[in-house]
Amino acid sequence: GSLTDDLGVYWPVLLTRFVQLILAYGLMTVASPANAAPGRRGYGVLAIAGLFDTAGLLAFNLGVEHGYTSTTAALTSLYSAVTIALAWTFLRERLLPLQWAGVAVVLTGVLFVSL
């Protein structure tokens, strides 16, 4: 069977997060002190981002397990568009015309894949 069949939907995400935590800690210990810690507010932002990312991975695994892989893959490929929308909404990021063209290419690709 597949890895999801063998391990379930939660273990791969848990193992991934554990490895990432160990690697992040290792990188923070060898980085220069000025760049090592994100600061008090930064930890909260990192925790929220980590929770949303973990929820996304769990949703993907559940989608692969319970739904059509083609639908799950098409929806998952929109993650970059969601990131751009969030940056535009909360950080007031503005895209250049070439970047908007990239967004259009991604959306067009998702449309073609889902047909």
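**View 1. Right-handed crossing of helices α2 and α4.** In this predicted model, helices α2 and α4 cross in a right-handed manner. Helix α2 spans residues 11-30 and helix α4 spans residues 40-66. The two helices pack at an angle of about 150 degrees, and their axes lie 10 Å apart. Because angles over 145 degrees count as roughly antiparallel, α2 and α4 are described as roughly antiparallel to each other.

**View 2. Residues at the contact of α2 with α4.** Helix α2 contributes P12, V13, R17 and M28 to the contact. From helix α4, the contributing residues are Y43, G50, D53, T54, L57, L58 and N61. By residue class, the contact of α2 with α4 comprises six nonpolar, three polar and two charged residues.

**View 3. Salt bridge between R17 and D53.** The side chains of R17 and D53 form a salt bridge, with an N to O distance of 2.4 Å. A search of the whole structure finds one salt bridge. The pair joins distant parts of the chain, as R17 belongs to helix α2 and D53 to helix α4, 36 residues apart.

View 4. D53, with a relative accessible area of 41%, is partly exposed.

Note on methods:
Residues are numbered from 1 along each chain as its sequence is written. This is a predicted model: local features need pLDDT of at least 70, side-chain atom pairs count only at pLDDT 80 or more; totals for chains, interfaces and linings use all residues. Side-chain values use heavy atoms; hydrogens and water are left out. Axes are lines fitted to C-alpha atoms, for helices over the stretch in contact, and angles run from 0 to 180 degrees between N-to-C directions. Helices (H or I, at least four residues) and strands (E, at least two) are DSSP runs, numbered from the N terminus. Angles under 35 degrees count as roughly parallel, over 145 as roughly antiparallel, 65 to 115 as roughly perpendicular and the rest as oblique. A crossing is left-handed if the near helix is turned anticlockwise from the far one by less than a right angle, and right-handed if clockwise. Contact means heavy atoms within 4.5 Å. Ala, Val, Leu, Ile, Met, Phe, Trp, Tyr, Cys and Pro count as nonpolar, Asp, Glu, Lys and Arg as charged, and the others, Gly among them, as polar. A salt bridge is a side-chain nitrogen of Lys or Arg within 4 Å of a carboxyl oxygen of Asp or Glu. Buried means under 20% relative accessible area, exposed over 50%, partly exposed in between (1.4 Å probe, protein chains only).
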